[in-house]
Amino acid sequence: MGAGCLAAPSGQSLAMAGGDGELKCVTWNIAAINNNPFEYYLTLPGEDAKPYGDLMVAVQKLIESPGSRDVPVSEVFLPEMWARLKGAMAEQGWSGLDQVEARWLNDFSKRKIIEGFLKDKDLGSKRLASMPDRFTNTINNSDGSVVCRPAIINNYQGDVSNLKSWFDQWYHFMFVSEVSVKNRKGELESKKVCSLLQKITKAKYPAVTEDEEAISLPLQTLCLAIFDAILIHILNTAASSAETGAINWHDMKVKICAALVVDKQSNTINILAGQPTYLNADVIFLQEVAGAFIERLEKHPQLGDRFVVLVPQAADYVRDQNSIILVAKARLGEAGGVPEECILGGGLARADVADGDICAFSVPLRFGKTTKRVLLASFHGDTAGLASTPVVNAVRKHAADSDLRVVMGLDANTHTLEDPAGKTKFVGSFLKDLEDGPEPVKHSWEGKPSDWITTFNARSYLQPQLNKAVKYEERLVSKSTDRNPKDYILFSASAFEGASPAR
């Protein structure tokens, strides 16, 4: 099965000024939390290709022009489901249930499922469905087992095509079953899934009102339940009206998951251990890494023997979007001490930079017969890429203040097209930023930015951020298709030069 999306690693060999040897580096955002088999359009082989395309088109048509099929939310997420949900949330001691119930009775229950709910841009900007999905979609237990919320947008294997049966499974998962996970500090805890949810703050998402922040736990839980129910209803409706006749979307989902989602951590580790580009690297920068994946790396016989794994103290084992660094043990200088974490200043108290996003260490590395400390940093930026320059600048300033040279691997989320409103980071602006200020840095690419594409994907209509959905027939050419130069290896211009172009 071939994916219609691409998130390619970037690799480069750096030569130390003065001819003291090379440093082979690679950076890769492994997207640990992306487990939705329907989020991005795919290219399926053989007899599955047409039914898949027909299903995606049927979903698209239903959402774009629902007509009489745009029924009230209360006909999909039923009143008795709300009553049961309210009771469960009351048992958790959550406050604000009266306010949420008023919103259900006077607003949400009366909305049309598509025009009133899925297409509501405020729900997207407030992350009322996507945020709880992030924390409950796929959970890695401490024993290595994986559990998924009963939904279509993950690897849940149970049949949820019947809505009443689905809600029984959903309710049990959220409010009865317990998971064994690490908290933000990395300490093991056993807790109900619903307790993993966190408040949605106005500081991070300005569209959220103060009243909504106060009731954000029950409010986001309601929105998530409605969202999951609507997607099941939409798939049932679309599958029965596809051009090729009725499609068993559950079987199709299971097949896609088997190829792309099941054993994703094992497959990623097999790539790191089996591909010479990674195994023979001196430094590997990884982004969006789950806490459970870090443990598997350290215990892997081949990777654990070859690399030391550097993890920031602020790693978040709940959010599971951590940046880490693997350094070949053979490159660590014997007399140069041990890697030391760098706590960066430079105004990084930003809402778009969260715990675990940045991993920065001063590392003693061998270059020929000498050992020199280098500031190694790994980072993944926000979707818009606006945090990338401030973070790179903070790394450069720390390096300059500490008399260190920099090598940094990052997913900068830069964009090929310049947004006149400045809402996304234009690649040309990012490149100019690298030349200004202390400790100027070069990047790993040669030629023009249009040749540096490291991501190529188009979102379908079956994911929480409908404003980013692309029509199936436009998936290769749409301006909303994510086809951008995002991944870079940066290095101090005064100390290194590219020994080979990025690839």
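Predicted model: local features only at pLDDT ≥ 70, side-chain atom pairs only at ≥ 80, totals over all residues.
Trainee: How many residues does the largest nonpolar core have?
Mentor: The largest nonpolar core has 89 residues, and those with the most contacts inside it are Leu55, Phe77, Leu85, Phe117 and Trp166. Such a core is a set of buried Ala, Val, Leu, Ile, Met, Phe, Trp, Tyr and Cys residues joined through side-chain atoms within 4.5 Å. Buried means under 20% relative accessible area, exposed over 50% and partly exposed in between, with a 1.4 Å probe and protein chains only.

Trainee: Which helix gives the most to this core?
Mentor: Helix H9 (residues 216-240) does, with 16 residues. Helices (H or I, at least four residues) and strands (E, at least two) are DSSP runs, numbered from the N terminus.

Trainee: And what is Phe77 in contact with?
Mentor: Leaving aside neighbours within four places in sequence, Phe77 has contacts (heavy atoms within 4.5 Å) that include Trp82, Leu85, Trp104 and Trp166.

Trainee: Which residues of helix H3 are buried?
Mentor: In H3 (residues 97-106), the buried ones are Leu97, Val100 and Trp104. They lie on the same side of H3 because they cover an arc of only 65° around the axis, the arc being that of the directions from the helix axis to the C-beta atoms. Asp98 and Asn106, on the other side of H3, are exposed.

Trainee: What covers the buried residues of H3?
Mentor: The cover includes helix H2 (79-91) and H9.

Trainee: Changing topic, where is Lys126 found?
Mentor: Lys126 is in the loop between helix H5 (121-125) and helix H6 (130-136).

Trainee: Does Lys126 count as buried or exposed?
Mentor: Lys126 counts as buried, at 12% relative accessibility. Beyond residues up to four places away in sequence, Lys126 touches Ile200, Ala207, Val208 and Glu212.

Trainee: What about Leu476: buried or exposed?
Mentor: Leu476 is exposed, with a relative accessible area of 56%. This residue is in the loop between strand S18 (455-457) and strand S19 (482-484). Setting aside neighbours within four places in sequence, Leu476 is in contact with Phe456 and Arg483.

Technical notes. Residues numbered from 1 in each chain as written. Heavy atoms only, no water.
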